[in-house]
Amino acid sequence: MEKSSNFFLIHNFNTVPDELLALCSDYLIYDCSTDTDTKQKLHDRNLSVKDVANTGHNITTYFSFFDEYYDNLPEVICLLKGNMIGRHCSMEFFRQVMDNKSFTFLYDEKQYWDKFAKFDGENQKNEAGNTFLAMENVYVEKNTSWYVESPNHPKKYFNDVDDLLRFIYKKPMIPQYFMFSPGACYIIRREQVLSHSREFYRNLNKLMNYGMNPGFPSEAHQVERILPILFTSLSETNEWMDDEIAFENKLPECSAYIQYKYDNRPRKFKKLRKLLGLI
């Protein structure tokens, strides 16, 4: 079987990623499995495994790797999840692109093509909605930050992705839509990673690994949407993004602002509820 010459960085949770391992010559598994049998299998086979804490998502794995191997990064890195095949893209698609040397979105769900195409399977025109495909593997979502309202993913620092972009960049362009790969799997080049400092990645991880109560932070969903921006933008970042002490000193301001926005959120039927003695 032909193998990719690209380096595979595999974020793994409760699986043995044999399908991916069969396709690469060089790899590293960041394993956050909670299943002891799975962890034992990985180590019994003497695979290249690094045990890490479970943050509930895979982006902290990527940024931790960038930090740890910053001075010795592979030329091209496939950012993968152990369960990616069949969940975020097909094996057929991945084998076609796995040796790409340019930035690639690893996403391919053909079952949605009729839904997102200009015309559906019966040649009826589709109306554009909040989500669509810009290309067969590029998912597009309207910038509404709908996910921040989920009680399963609490937010601590940012109410929406717009505020996050303003925190990272001095003069960000706030897009109406985001293009990204659901599941956060990509092929990237070394120079894309090196466009930011290792402190940049350490700092971003602080926004996404502060707890699992009950699930991973909303900020991880926000960073997922802007990963292509982080990997390709030429915009100037704020100085605290490259300084851990300055960054940490800014975080209380973010927490205070998110509380202020919560305290001053619109109150529906406030006058009526006051008349009824409910407030």
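## Questions about this model

User: Leaving aside its neighbours within four places in sequence, which residues is Asn137 in contact with?

Analyst: Welcome! This is a predicted model, where local features need pLDDT of at least 70 and side-chain atom pairs count only at 80 or more, while totals for chains, interfaces and linings use all residues. Numbering runs from 1 along each chain as its sequence is written, and side-chain values use heavy atoms, without hydrogens or water. With contact meaning heavy atoms within 4.5 Å, and setting aside the neighbours within four places in sequence, the partners of Asn137 are Phe93, Thr104, Phe105 and Tyr107.

User: Is Asn137 buried or exposed?

Analyst: Asn137 sits in the loop between β6 (131-135) and β7 (138-142); helices (H or I, at least four residues) and strands (E, at least two) are DSSP runs numbered from the N terminus. Residues under 20% relative accessible area are buried, those over 50% exposed, and those in between partly exposed (1.4 Å probe, protein chains only). The relative accessible area of Asn137 is 12%, so this residue is buried.

User: How many helices and strands are in the protein, to get the overall picture?

Analyst: Let's start with the outline: the C-alpha trace spans about 75 × 55 × 40 Å along its principal axes. Of the 279 residues, 47% are buried. The secondary structure that makes up the protein comes to 11 helices and nine strands.

User: Of the contacts with a separation of 6 or more, what share comes from residues 24 or more positions apart?

Analyst: The count takes in contacts in the protein whose partners have a separation of 6 or more. Within that set, residues 24 or more positions apart account for 65%.

User: Which element gives the most to the lining of the largest pocket?

Analyst: A pocket here is an open set of points on a 1 Å grid where a 1.4 Å probe fits, with protein on both sides within 12 Å along at least five of seven lines; lining residues have an atom within 4 Å of a point. The largest pocket has 31 lining residues, and Lys81, Arg87, His88, Gly183 and Glu224 lie nearest its centre. Two or more lining residues come from each of β1 (7-12), α5 (113-116), β7 and α9 (218-232). The element that gives the most, with four residues, is α9.

User: Which peptide bond is cis, with omega near 0 degrees?

Analyst: Most peptide bonds are trans. Here is one to look at in the loop between α8 (198-206) and α9, where Pro214 is placed. The cis bond, with omega near 0 degrees, runs from Asn213 to Pro214.

User: What is the relative accessibility of Asn123?

Analyst: Asn123 lies in the loop between α5 and β6. Its phi is near 65 degrees, a positive value in a residue other than glycine. Asn123 counts as exposed because its relative accessibility is 57%.

User: Is Ala184 buried or exposed?

Analyst: Find Ala184 in the loop between β8 (177-180) and β9 (186-189). Phi of Ala184 is near 60 degrees, another positive value in a residue other than glycine. With a relative accessible area of 1%, Ala184 is buried.

User: What separates the C-alpha atoms of Ser235 and Ile77?

Analyst: Ser235 is in the loop between α9 and α10 (244-263). At 34% relative accessibility, Ser235 counts as partly exposed. Ser235 and Ile77 are 158 residues apart along the chain, and their C-alpha atoms are separated by 23 Å.
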